[in-house]
Structure formats: structure tokens, C-alpha cells
Amino acid sequence: MISIIEAYKDDRGQSMSTDASAAILDELFAVIEGRKAADPESSYTAKLFAKGRKKIAQKVGEEGVECAIAAVSETPDDVVAESADLLYHLMVLWAEQGITPDRIYAELGKRVGVSGLAEKAARAKTGKPL
Ligand SMILES: N=c1c2ncn([C@@H]3O[C@H](COP(=O)(O)OP(=O)(O)OP(=O)(O)O)[C@@H](O)[C@H]3O)c2ncn1[C@@H]1O[C@H](COP(=O)(O)O)[C@@H](O)[C@H]1O
């Protein structure tokens, strides 16, 4: 059976931009984009956009740390909640930078089937990612 990750590549091995499993991320991203024009008094996302890139980047860092702390000292349910917080803030960061989720899916797709160890070894030789 073809895995969800393999499904990101078409029969020519090219990365595909999206599938149903990414729909929730795409939906959330569309909401986040829409909040660029919203009132910061009525939207947390709009408030983040108003505070700017440094604040958004700081929140991504905080949520990443909270996720890591949950992994070592809390429950898997806490990791799920912190992961959702992290993904949301990461998507706000993408939106602020003009990056669409398709670019992240494509990047992940390019890496499918490339061993992380092989990539690391090649990078050590050339100084560049594969
Ligand atoms: N997924 C999320 C989401 N995850 C987390 N958060 C908010 O992120 C914040 C993170 O918690 P913190 O305790 O770190 O927040 P805080 O201490 O108030 O943050 P700062 O003072 O540091 O800014 C909380 O206010 C959460 O409610 C989110 N806010 C919004 N969304 C999605 O974005 C949509 C639009 O939200 P609004 O822009 O608020 O309408 C929502 O319908 C959701 O789908």
C-alpha cells in the first residue's frame, strides 16, 4: 500500500504539492492569511501580525520549547496540544514571510527516500545539502 508520504510524489518522482491529509493545514493557512486584514482587537492572529516578525519568531521558539518540554516531562496528549500550537505559530511565520505551505510540502517531498544519514554525509563533504 502506498504511504501518505510516498503519495506526495507522482509517478515521475516529482513532488506533489498537496493531498487531503494536508487539507486542514491549507484551511488554517487560508484563515491566517485572511487575518492580515483583520482587527488586532478581534483576532489573535491579527495581533501577532501587528506585533511583527520578531514577536512571531519568538512565539515559534517558545512553542517549540514547550513542545520539547511536554515530550520529556508531560503526557502524549500535552505533546499533541503543544504541537498544534507550534504548527499554528509556524504557519503565522510562513504567512508573514510570504511563504505558502505548498513550498514546505514540496521541500518535504524532495526529501522523501533520501536518507538523513546519507544527506548528512554528503553535506559534510560538499558543505551543501543534497
Ligand atoms: N490554531 C490556533 C491557535 N493555536 C494557539 N493559538 C493561540 O496562541 C496563543 C498561545 O498561547 P500563549 O499562552 O503562549 O499566549 P499568550 O501568553 O497570550 O501570548 P503572548 O502574550 O506571548 O502573545 C493562545 O492565545 C492561543 O489561543 C491559536 N490561535 C488561533 N488558532 C487558529 O487561528 C484561527 C483564527 O484565530 P484568530 O485570529 O484569533 O481569530 C482560529 O480559529 C484557530 O483555528
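The model is a predicted one.

Start with the ligand. Its shell includes Leu28, Val31 and Arg35, then Ser43, Tyr44 and Thr45.

Several polar side chains reach oxygen atoms of the ligand. For Ser43, a polar side-chain atom sits 2.6 Å from a ligand oxygen. In the case of Arg35, an N or O atom of the side chain is 2.9 Å from an oxygen atom of the ligand, and for Lys55 a polar side-chain atom is 3.2 Å from a ligand oxygen. On its own, the ligand would expose 850 Å², and the protein buries 53% of that.

Now for the two helices. Packed helices are described by the angle and the distance between their axes. For H2 and H3, the axes come within 5 Å and cross at roughly 120°. Angles from 65 to 115 degrees count as roughly perpendicular and those over 145 as roughly antiparallel, so H2 and H3 are oblique to each other. On the H2 side, the contact is made by Tyr44, Leu48, Phe49 and Lys51, which meet Arg53, Lys55, Ile56 and Lys59 of H3. This contact holds 4 nonpolar and 4 charged residues, with no polar ones.

Technical notes
Residues are numbered from 1 along each chain as its sequence is written. This is a predicted model: local features need pLDDT of at least 70, side-chain atom pairs count only at pLDDT 80 or more; totals for chains, interfaces and linings use all residues. Side-chain values use heavy atoms; hydrogens and water are left out. A residue is near a molecule or strand if one of its heavy atoms lies within 4 Å of it. A polar contact is a pair of N or O atoms within 3.5 Å; within protein, one must be able to donate a hydrogen and the other to accept it, and residues adjacent in sequence count only if both atoms are side-chain atoms. Accessible areas come from the Shrake-Rupley method with a 1.4 Å probe; for residues, only the protein chains shown count as cover. Axes are lines fitted to C-alpha atoms, for helices over the stretch in contact, and angles run from 0 to 180 degrees between N-to-C directions. Helices (H or I, at least four residues) and strands (E, at least two) are DSSP runs, numbered from the N terminus. Angles under 35 degrees count as roughly parallel, over 145 as roughly antiparallel, 65 to 115 as roughly perpendicular and the rest as oblique. Contact means heavy atoms within 4.5 Å. Ala, Val, Leu, Ile, Met, Phe, Trp, Tyr, Cys and Pro count as nonpolar, Asp, Glu, Lys and Arg as charged, and the others, Gly among them, as polar.
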